[in-house]
Amino acid sequence: MPNIPRLTDFLPYLMAITSNAVSSRIADEYRLRFGLRIPEWRVMAVLGDGGSMTQREMVNATVMDKVAINRACKVLEERGLVARSPNQRDGRSHHLELTDEGRALYSQVMPMTYEMFERIFTRIEPSEQQALKTLLSRIRDGVKAIDEGKPA
């Protein structure tokens, strides 16, 4: 049997629990202040940053399950924060975009999100943050290569 590291030393596990801790800490703030759960905020953040897109594009952008995206979009639509419009290129899908109310909420949540980010990442130097971004990008590239059947 190969020498398997302890779970607490396994890098994917450490990445997952760290990501969950950061997301949960930030999510607590926007859930309490704005009534948004993590999937709903991720949809709003992607639409606020990238503009109108289909749910399929959102799945790719967020790496979230399509069912979670669909549920989040329905909640946001019911709250009047997101609107659907027909996709002229593909009649089977719709474009989603923030409404005026959604953009107003986005403009309130983003500064709070960045303030929380700064508090969490205060112990990490800007150069270390940049190195971390580079490493995370390389990890995503490795996953993408495997998904596409290429050697990592």
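1. Angles between axes are classed as roughly parallel under 35 degrees, roughly antiparallel over 145, roughly perpendicular from 65 to 115, and oblique for the rest. The model is predicted, so that local features need pLDDT of at least 70 and side-chain atom pairs count only at pLDDT 80 or more, while totals for chains, interfaces and linings use all residues. Residues are numbered from 1 along each chain as its sequence is written, and side-chain values use heavy atoms, with hydrogens and water left out.

2. The axes of helix H1 (residues 11-34) and helix H2 (residues 38-50) come within 10 Å and cross at roughly 85°, and H1 and H2 are therefore roughly perpendicular to each other. Helices here are DSSP runs (H or I, at least four residues), numbered from the N terminus, and axes are lines fitted to C-alpha atoms over the stretch in contact, with angles running from 0 to 180 degrees between N-to-C directions.

3. Where H1 meets H2, Ser23, Ala27 and Tyr30 are in contact with Ile38, Trp41 and Arg42, contact meaning heavy atoms within 4.5 Å.

4. Thr62, in helix H3, is buried, with a relative accessible area of 15%; buried means under 20%, exposed over 50% and partly exposed in between, with a 1.4 Å probe and protein chains only. Its side chain reaches the backbone oxygen of Met58 at 2.8 Å, and Thr62 also touches Arg42, Val46 and Ile69, not counting residues up to four places away in sequence.

5. Val63, in the loop between helix H3 (55-62) and helix H4 (66-78), is exposed at a relative accessible area of 71%. Although Val63 is not a glycine, its phi is positive, at about 55°, whereas most residues other than glycine have a negative phi.

Technical notes. Helices (H or I, at least four residues) and strands (E, at least two) are DSSP runs, numbered from the N terminus. A polar contact is a pair of N or O atoms within 3.5 Å; within protein, one must be able to donate a hydrogen and the other to accept it, and residues adjacent in sequence count only if both atoms are side-chain atoms.
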